[in-house]
Number of protein chains: 2
Amino acid sequence: MAISSLPCVQPVDILLDSIKWDDKGLAVAIAQNVDTGAILMQGFVNKDALATTITSRKATFFSRSGATLWTKGETSNNFINIYDMFVDCDRDSIIYLGKPDVPTCHTGLETCYFTSIGDLLKEQEVEETNLALTTLYSLESTISKRELELAGKHGKPSWTKRLLLDENLLCAKIRAEADELCRPLEEKEDSSCTASEMANVIYHAMVLLRHKDVKIENVLEVLRRRFSQSGIEEKQSRASTES
Amino acid sequence: MAISSLPCVQPVDILLDSIKWDDKGLAVAIAQNVDTGAILMQGFVNKDALATTITSRKATFFSRSGATLWTKGETSNNFINIYDMFVDCDRDSIIYLGKPDVPTCHTGLETCYFTSIGDLLKEQEVEETNLALTTLYSLESTISKRELELAGKHGKPSWTKRLLLDENLLCAKIRAEADELCRPLEEKEDSSCTASEMANVIYHAMVLLRHKDVKIENVLEVLRRRFSQSGIEEKQSRASTES
């Protein structure tokens, strides 16, 4: 996914001219975490800002208030490192697909989107920060909350709490769920439950990750490093030839 | 994550007034797939568009060219169904977290971001469409490509191809990787490899998903439905009490 440093048939200038800049010479740029898919922040770019990002591979924007270029991290040294950029079908919106050195928001949070409109419109009091989490990270957050509740003493513990408290139960479940995922394939049985069985594997394995204090983002980083180097296939293929 | 229909302490009008609308009365709205995290499309909203989305729970934008409101799907009946919305720390950018009825882009593709700037700047010929995929979906796409290559006859097959061709090998690997994930926890051993072991579990289980023609998005849908209904914990807790 890295931007090539080879000589270009379509030079940067032609690319920049192909963007539909608005009447102020701007387009939208959305920084997205390449591993988690989290939308980190959104800014605007002009031609110079996009050209700078292409060259430096650090997310750079045009500040509408200051009317200047600014590279996220230029003062803090905490950049959003770009893996690739994508333009949309209208050519007026750009995704900066990258990896932040540290949490992106000036508040110290992972992303700038931590205020839920759903929460704001609810009657009851709301959590102060509620990050825009997609399914996997919402599940991760739920599991973390269950761990925090472990100290509490209200009623029957949830299934997640029981798994967190009992390592043998957790491991037995992970093995059993992996087995249930495989059996229909081996026995050529109906496999209409594959998604559900895989969901069970992921959920239980994520409880183990919580137990080990490993984030799913770390796992995705491993996967990205492996298969961007064609590593996973090579390593596995080697191991299997050797054995 | 659903927007409450209860009476509001902070009515919609107060919320709408809290948004920092630009000199044209607009803010950015980014539609994101609640399960995969894919950025589906980006548009602009004015007060009316955001108010309409809050009420209808269908992603609605303000068309800058037509100077009208438009609800994605108003002619096709294929909507982006909203689960929640998030405003950023500057209050001028909004995430529409939702689920599209069908692929979002008018081209028929999943998202509007299918042109890689990295590709455009490369010397060699590039794929016509290259969706902005984050790690898990990039891996899923790689596994699909390996399957398509199965018909080809070039050299030694990759590890993924071998797994796709040999169900017993695939299932043996999934069980072995689940075991390797669990053993350090049971035996209180060093667990510095947890992320790597989990990566192995995910990769091999994703090859099985490909084999069964199940998308990781379907698995995440199952997880979302379960834990948004507190289903997964209840079901598992019940099963475990029963057994």
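Visitor: Leaving aside its neighbours within four places in sequence, which residues is N46(B) in contact with?
Guide: To place the residue, N46(B) sits in the loop between strand 2 (39-45) and helix 2 (47-56) of chain B, where helices (H or I, at least four residues) and strands (E, at least two) are DSSP runs numbered from the N terminus. Contact here means heavy atoms within 4.5 Å. Once neighbours within four places in sequence are left aside, the contacts of N46(B) are W21(B), G25(B), L26(B), F62(B) and L69(B).

Visitor: What kind of model is this?
Guide: Residues are numbered from 1 along each chain as its sequence is written, while chains are lettered from A and ligands numbered from 1 in the order in which they are written. Side-chain values use heavy atoms, with hydrogens and water left out, local features need pLDDT of at least 70, side-chain atom pairs count only at pLDDT 80 or more, and totals for chains, interfaces and linings use all residues, since this is a predicted model.

Visitor: Is N46(B) buried or exposed?
Guide: A residue is buried under 20% relative accessible area, exposed over 50%, and partly exposed in between (1.4 Å probe, protein chains only). The relative accessible area of N46(B) is 14%, so N46(B) is buried.

Visitor: Where is T134(A), and is it buried or exposed?
Guide: T134(A) belongs to the loop between helix 3 (117-120) and helix 4 of chain A. Leaving aside neighbours within four places in sequence, its contacts include T36(A) as well as Q32(B), N33(B) and V34(B). With a relative accessible area of 6%, T134(A) is buried.

Visitor: At what angle do helix 4 of chain A and helix 8 of chain B pack?
Guide: Their axes, lines fitted to C-alpha atoms over the stretch in contact, are compared by an angle that runs from 0 to 180 degrees between N-to-C directions. Angles under 35 degrees count as roughly parallel, over 145 as roughly antiparallel, 65 to 115 as roughly perpendicular and the rest as oblique, and helix 4 of chain A and helix 8 of chain B are therefore oblique to each other. In this packing, residues including L136(A) and L139(A) in helix 4 of chain A meet residues including L220(B) and F227(B) in helix 8 of chain B. The axes of helix 4 (residues 135-148) of chain A and helix 8 (residues 216-228) of chain B are 9 Å apart, and the angle is about 40°.

Visitor: Which hand does the crossing of helix 8 of chain A and helix 7 of chain B have?
Guide: The axes of helix 8 (residues 216-228) of chain A and helix 7 (residues 194-211) of chain B cross at roughly 70° and come within 8 Å, which makes helix 8 of chain A roughly perpendicular to helix 7 of chain B. Among the residues that make the contact are V219(A) and V222(A) of helix 8 of chain A and A199(B) and Y203(B) of helix 7 of chain B. A crossing is left-handed if the near helix is turned anticlockwise from the far one by less than a right angle, and right-handed if clockwise. For helix 8 of chain A passing helix 7 of chain B, the crossing is right-handed.

Visitor: How many salt bridges are there over all chains?
Guide: A salt bridge is a side-chain nitrogen of Lys or Arg within 4 Å of a carboxyl oxygen of Asp or Glu. Counted by this rule over all chains, the salt bridges come to 36.

Visitor: Why does the salt bridge of K24(B) with D23(A) join two chains?
Guide: The closest N and O atoms of K24(B) and D23(A) are 2.7 Å apart. K24(B) lies in the loop between helix 1 (12-18) and strand 1 (27-33) of chain B, and D23(A) lies in the loop between helix 1 (12-18) and strand 1 (27-33) of chain A, so the pair joins two chains.

Visitor: How far apart in sequence are the parts tied together by D35(A) and K99(A)?
Guide: D35(A) forms a salt bridge with K99(A), with 2.4 Å between the closest N and O atoms. Because D35(A) lies in the loop between strand 1 and strand 2 (39-45) of chain A and K99(A) in strand 6 (residues 93-100) of chain A, the pair ties together parts whose separation in sequence is 64 residues.

Visitor: Is D35(A) buried or exposed?
Guide: D35(A) is linked with K99(A), E217(A), E221(A), R224(A) and R225(A) in a network of salt bridges. D35(A) has a relative accessibility of 2%, so D35(A) counts as buried.
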